[in-house]
Amino acid sequence: MDNFEYRDGRLHCEDMNLERIAEEYGTPLYVYSRDALERAYLDYAQALEGRDALVCFAVKANSNIAVLNVLARLGAGFDVVSLGEIERVVRAGGDPAKVVFSGVGKQAHEIRRALELGIHCFNIESEAELERVSEVATASGMTAKVSFRVNPDVDAGTHPYISTGLKENKFGIAIERARGVYSRAAELPSIEIVGMDCHIGSQLTELRPFLDALDRLLVLVDELADDGIQIKHLDLGGGLGVCYTDEQPPSAAAYIGAVLEKLGDRPLSLIFEPGRSIAANAGVMLTRVEFLKSNGDKNFAIIDGAMNDLIRPALYSAYQEIVPLSLREDGESKIYDLVGPVCETGDFLGKDRELNLQPGDLLAVCSAGAYGFVMSSNYNTRPRPAEVMVSDNQAHLVRKRESIGDLLHGEQLLPKDHY
Ligand code: LLP
């Protein structure tokens with residue numbers, strides 16, 4: 001986490017002392033570094049310089065409109081999976097012409113809105129969805145540019161819940177069937193075939209699965225050319241891993257370098273849909289220790305952040321570093337489980353962590369900029385955290401903390417005659 005470092009024993013985000021930010025905005029709190037987001041995006045963009053390419057940030061990883069806006073200003077495109085995400089991109093000043101629309105279950109009203117906005121491409125995942133896109137486009141008097149998500153049947157070697165490129169997964173069209181689906185698309189009204197896409201999984205730490213998938217896609221591109229179907233762009237999805245603890249994923253530059261080498265002088269433009277590798281290490285979640293407690297020989301630190309605020313540890317047994325905002329010189333380190341106030345045994349943010357803690361201490365859960373706030377919920381009627389972005393030596397609130405009133409808004413009792 002380059003933009004998060006200790007200065008005189010206090011953890012800073014860029015030039016801001018995180019303890020001061022926590023005091024001002026309260027905890028639990030998400031804090032993002034604008035500079036870290038920008039640099040991670042530029043790693044992709046610069047590696048693609050001189051090439052016809054789009055880097056479409058996967059909005060699902062972090063959909064705060066300030067985050068999207070920072071990336072949009074650098075020229076980013078966006079990968080969206082719902083109408084809500086499309087509207088966020090529009091609100092953030094993103095260019096709809098640089099939007100790709102992924103996801104297995106696009107609804108007619110979502111397709112209509114995306115057509116109206118003139119998005120770059122629909123990444124289609126089934127024949128039924130193709131028929132629907134064709135019908136909606138015809139009824140709207142527009143042409144839909146489409147790509148098919150091909151499932152290349154490669155093992156991404158990642159956690160089963162985030163591995164998507166195997167036949168057994170619900171995603172995409174099996175590669176052996178793809179040629180037939182492209183032929184069908186070529187016959188349908190209001191459809192323009194422009195691309196081919198794949199996304200084989202997330203948090204990949206090796207290049208091999210990406211390159212194996214690319215090899216399989218290129219064979220299909222050639223077969224389609226024989227059928228008279230020209231693929232203009234290849235969209236390789238997201239998936240590049242990050243360092244949470246000791247992983248050593250390839251850099252975006254190394255990844256793109258390897259892809260470009262394989263492509264040689266093929267006249268294909270390129271799209272990438274990175275999410276985690278842009279946002280994860282640009283953010284932390286701050287939390288405060290409420291109580292320390294021991295049950296026999298097990299020590300617990302009860303913190304104010306919980307699984308509803310950050311679900312990755314509970315859902316995927318994901319490991320995220322947890323560090324103090326101030327390094328203590330007094331006291332002693334012990335091994336703690338860091339647990340939240342939610343009534344579930346799975347409510348932990350870290351297990352067996354060696355920390356020197358006192359009640360009231362502030363902690364940072366690292367690498368929380370991707371799949372953090374976006375996966376939060378109101379379970380146990382807990383208002384969701386605020387989000388802050390550090391930019392130019394200042395901290396800016398980019399999403400207010402929810403209030404209990406916000407949570408109750410929209411609910412009502414049964415009518416009186418049902419009392
Ligand atoms: N494109 C598509 C079609 C995707 O499904 C995804 C992620 C991405 C791009 C972005 O992938 P990334 O570059 O972030 O790996 N909640 C899980 C991750 C789920 C990923 C879902 N798809 C986690 O917290 O680990």
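In strand E13 (residues 269-272), Ile271 is the bridge partner of Leu54. Helices (H or I, at least four residues) and strands (E, at least two) are DSSP runs, numbered from the N terminus. The model is a predicted one, with local features needing pLDDT of at least 70, side-chain atom pairs counting only at pLDDT 80 or more, and totals for chains, interfaces and linings using all residues. Residue numbers start from 1 along each chain as its sequence is written.

Strand E5 (residues 53-58) runs parallel to E13, and three bridges join them; pairing here takes at least two DSSP bridges between two strands. E13 also pairs with strand E12 (residues 233-235), again in the parallel sense over three bridges. There, Asp235 sits opposite Ile271.

Elsewhere there's an open sheet of three strands, ordered E1-E2-E3 with antiparallel pairing. Its edge strands are E1 (4-7) and E3 (16-17), each pairing on one side only. Strand E2 (residues 10-13) meets E3 over two antiparallel bridges, with Cys13 opposite Met16.

As for helix packing, the axes of H5 (residues 108-117) and H6 (residues 127-140) come within 10 Å and cross at roughly 55 degrees. Axes are lines fitted to C-alpha atoms, for helices over the stretch in contact, with angles running from 0 to 180 degrees between N-to-C directions. H5 and H6 are therefore oblique to each other (under 35 degrees is roughly parallel, over 145 roughly antiparallel, 65 to 115 roughly perpendicular, and the rest oblique). Ala108, Ile111, Arg112 and Leu115 in H5 meet Arg132, Val133, Val136, Ala137 and Ser140 in H6, contact being C-beta atoms, placed from the backbone, within 7 Å.

How values were computed. Contact = placed C-beta atoms within 7 Å.
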